[in-house]
Amino acid sequence: MHDEPNLIGFATTALACHRDTELTSDQPLMRVELDALHEHAVTLHVLLDQATVRTRAHAAAEGDQLHNARIRMWQVSEYLHAAYHAAPHADGRAPTREACALRLPEGAPDLTICQRHLKASARVRQISTPTDLIRR
């Protein structure tokens, strides 16, 4: 048992509050919201990574399940990154087909999501096999 407050519980409550107050519109998500969701997903991936490493040393079966969750969370991050680049810019401009196909960074502040994604993907390549990462 840990003596620290359950910060994960606080974070979950904050996300639920955001869902209930900010995502009530029937409009598609804007890039800024997709960026925020991607940041949450990458952060959760890092948390699952740490939990996997910590748990595998003591409970192999539980660690394996956390490993699978960590991989799926990375796949969520991949899809959010792709959705971001497919979404229209704040000024309404649609992304070009070439930029989407090549997944080219589009400069600040749009580059932030790509930098975050590349940093996380470096860790993913260290802890996962190519077979692990096949999207299902």
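Modeller: **Salt bridges up close**

Asp-35 pairs with Arg-116 in a salt bridge, and their closest N and O atoms are 3.0 Å apart. This pair connects distant parts of the chain: Asp-35 lies in helix α2 (residues 31-56), Arg-116 in helix α5 (residues 111-127), and 81 residues separate them. A salt bridge here means a side-chain nitrogen of Lys or Arg within 4 Å of a carboxyl oxygen of Asp or Glu. Helices are DSSP runs (H or I, at least four residues), numbered from the N terminus.

The model is predicted: local features need pLDDT of at least 70, side-chain atom pairs count only at pLDDT 80 or more, and totals for chains, interfaces and linings use all residues. Residue numbers run from 1 along each chain as its sequence is written, and side-chain values use heavy atoms, without hydrogens or water.

Now burial. Buried means under 20% relative accessible area, exposed means over 50%, and partly exposed falls in between (1.4 Å probe, protein chains only). Asp-35 counts as buried because its relative accessibility is 19%. Arg-116 has a relative accessible area of 16%, so Arg-116 is buried too.

The structure holds five salt bridges. Another of them joins Asp-64 to Arg-56, at 3.4 Å from N to O. Asp-64 is partly exposed, at 38% relative accessible area. Arg-56 is partly exposed as well, at 36%.

Arg-93 and Asp-91 also meet through their side chains, with 3.0 Å from N to O. Arg-93 has 47% relative accessibility, so Arg-93 counts as partly exposed. Asp-91 reaches 55% and counts as exposed. Elsewhere, Asp-49, Arg-70 and Arg-123 form one network, joined by salt bridges that share partners.

Helix α5 also holds Ser-121. Ser-121 is buried, with a relative accessible area of 10%. The Ser-121 side chain reaches the backbone oxygen of Leu-118 at 2.9 Å. That is a polar contact: a pair of N or O atoms within 3.5 Å, where, within protein, one must be able to donate a hydrogen and the other to accept it, and residues adjacent in sequence count only if both atoms are side-chain atoms.

Last, the cysteines. A disulfide is a covalent bond between the sulfur atoms of two cysteines. The rule used here asks for a pair of cysteine sulfur atoms within 2.5 Å. By that rule, the count is zero disulfides. Cys-17 is partly exposed, at 45% relative accessible area. Cys-114 counts as buried, at 5% relative accessibility.

Key:
Helices (H or I, at least four residues) and strands (E, at least two) are DSSP runs, numbered from the N terminus.
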